[in-house]
Amino acid sequence: RMAGPPARTAPGARQQVQGGEGRPEPATGATPARDTRAPFRFDYERFRRSLRHPLRFRKRSVLLSGFIQFYSIFIQFCSSQMMKFAWDNYKQYALGKNELRPLTKNGHIGNMFGGLRGATVIDALDTLYIMELEEEFQEAKKWVEKSFDLNVNGEASLFEVNIRYIGGLLATYYLTGEEVFKSKALELGEKLLPAFNTPTGIPRGVINLGRQDTLKAPFFSPCSGMSWSWGWASAGSSILAEFGTLHLEFLHLSELSGNPVFAEKASASHLVLNRVEKPQGLYPNFLSPVTGNWVQHHVSIGGLGDSFYEYLIKSWLMSDKKDLEAKKMYDDALEAIEKHLVKKSAGGLTYIAEWRGGILDHKMGHLACFSGGMIALGAEDAGEERRQRHMDLAAEITNTCHESYARSDTKLGPEAFRFDAGSEAMATRLSERYYILRPEVVESYMYLWRLTHDPKYRQWGWEVVKALEKHCRVEAGFSGIRDVYTTTPTHDNMQQSFFLAETLKYLYLLFCEDDVLSLDDWVFNTEAHPLPVNHTNFKAAVQH
């Protein structure tokens, strides 16, 4: 899930502003990262025994019968074959590049990952494993072992590297126990630590992945280890959805390494956010990493804000419901959102508006459609009245997002839809009519199915499968489309890595039994990489 503007515009120029908030900050002079190779061994077998539902992915449906069983298994097969098609074409035309351009049959590198390659490989690993595409998984694993080079030098998005690369590597390690994935995740995690060297501990959005003490020509750069804010970010600010979307992965980096520095860095943002005053209890999207104060009063549950809220409730769940600070922050934030942002259209559709200094913008982005699943997930342990209210709200928001799909000619949803000028749940601007294979709507379908077993969510998921096959499948992969309101759309020539990580995984899980990656044992990061709930403290694992 992208937190900000499209990747082609995100890096911009390094912003130079008064006070130095946009200038790169070197790691030198800061406390060096502690060695992650402490005398510690994570006990993987003990972890596997702690799972309440043993890992299994066999396509059996003991609780289903007759046509319903056939229907479920058939759509599992369809989504796994879509995954195989997407992977096979990526492997043939773009292996080692970050993403596939399926129309021109070549690879795309982009500028989000600081010289790292193979984003689609890392994003696809756990999906291939879960779908039991064994040959394809081994191909991806071999690439990681032989070709995944971390000795790079370039400007990377802290957020994107964390959710895609570190999240994907961690998830695949926990699923397989293969040490190569753990060691790569820990090595890459160390490269991100200089981003936190700010007066507040709030990380900047861009990090140069090189390290001055290890890089040699031609990789050495005077910017190695430096961090800075996005050029488009107001007054050198950090983005709520970026610095707020580190907690899950960084806690697991500490869990696997025995080194608390990762957890300490990720937890610093909660201290700052609890200290700063929130307008109407809401969290604006831009915060200064120098002063710890808000820079603008723009609030969004979609892009720039989204996964901050997601990681609050998931931090509590991942802690086995022990992180009461994260739970309170989530509860308070949701209460403010309910009070100030949740609205109902004239046609009866519930949506979450955006807030700009007290003025509402009556729109929802596709990115905000994850919130139905999030609210349902957070409702499970609430009191009865609150639980029912939140489950109703989750279902209403998910229904609205479904309507944004149902009201288009392609039955796929636009990038943003509005509730003004007599229009409801439809894009009213040409710049918002595109669909780039995003997962958030089917993500909410999966959670609502798991928590209610209302068959309409599976029916809606099947509609998405058919629409993807009809409008996004091309000769050499899947492509986004530029206008969801025409039945002959133009393709954008990009098979996003998150299509393999998220969209196809959530569609597959929607038709699996509940104990396939049970929500009792697993929390999905914002790139749909499953990370385990900490039922046991593995820091007490066997020493060397």
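## Burial and overall make-up

A residue is called buried when its relative accessible area is under 20%, exposed when it is over 50%, and partly exposed in between (1.4 Å probe, protein chains only). The structure is a predicted model, in which local features need pLDDT of at least 70 and side-chain atom pairs count only at pLDDT 80 or more, whereas totals for chains, interfaces and linings use all residues. Residues are numbered from 1 along each chain as its sequence is written, and side-chain values use heavy atoms, with hydrogens and water left out.

The protein chain has 544 residues, of which 63% count as buried. It contains 16 helices and 20 strands; these are DSSP runs numbered from the N terminus, helices (H or I) having at least four residues and strands (E) at least two.

## The annotated residue Thr526

In an unreviewed UniProt entry, the annotation "binding site" covers Thr526. UniProt positions are given in the numbering used here, feature names are shortened, and annotations may be inferred rather than shown by experiment.

Thr526 is located in the loop that runs between strand S19 (522-524) and strand S20 (530-532). Its relative accessible area is 1%, so Thr526 is buried. The side chain of Thr526 makes a polar contact of 2.8 Å with that of Glu310. Such a contact is a pair of N or O atoms within 3.5 Å; within protein, one must be able to donate a hydrogen and the other to accept it, and residues adjacent in sequence count only if both atoms are side-chain atoms.

## Salt bridges

Side chains of opposite charge can pair when their charged atoms come close. With a salt bridge taken as a side-chain nitrogen of Lys or Arg within 4 Å of a carboxyl oxygen of Asp or Glu, the count is 30. One of these salt bridges joins the side chains of Lys91 and Glu139, at 3.0 Å from N to O. Because Lys91 belongs to helix H2 (residues 66-94) and Glu139 to helix H4 (residues 134-147), this pair ties together parts that are 48 residues apart in sequence. Lys91 is partly exposed at 31% relative accessibility, and Glu139 is partly exposed at 22%.

A salt bridge also links Arg164 with Glu99, whose closest N and O atoms are 3.7 Å apart. Arg164 is in helix H5 (residues 158-176) and Glu99 in strand S1 (residues 99-101), so the pair connects parts that are 65 residues apart in sequence. Both Arg164 and Glu99 are buried. Lys105 and Glu475 form a further salt bridge through their side chains (3.0 Å, N to O). Since Lys105 lies in the loop between S1 and strand S2 (106-108), and Glu475 in the loop between strand S17 (473-474) and strand S18 (477-478), this pair ties together parts that are 370 residues apart in sequence. Lys105 is partly exposed, at 29% relative accessibility, whereas Glu475 is exposed, with a relative accessible area of 64%. Salt bridges with shared partners also join Glu354, Arg356, Asp361, Arg418 and Glu432 into one network.

Helix H6 (residues 179-192) has 14 residues and reaches 20 Å from its first C-alpha to its last, close to the 20 Å expected at 1.5 Å a residue. The expected span of a helix is 1.5 Å times one less than its number of residues. Eleven of the 14 residues of H6 are buried, so the helix is largely enclosed by the rest of the structure.

Helix H13 (residues 384-406) has 23 residues and should span 33 Å at 1.5 Å a residue, which agrees with the 32 Å between its end C-alpha atoms. The buried residues of H13 include His390, Met391, Cys401, His402, Glu403 and Tyr405.

## Positive phi values

Most residues other than glycine have a negative phi. Leu304 is not a glycine, yet its phi is positive, at about 85°. Leu304 lies in the loop between strand S9 (298-299) and helix H10 (306-318), and is buried with a relative accessible area of 13%. Lys321 likewise has a positive phi, near 65°. Lys321 is placed in the loop between H10 and helix H11 (324-340) and is partly exposed, at 36% relative accessibility.
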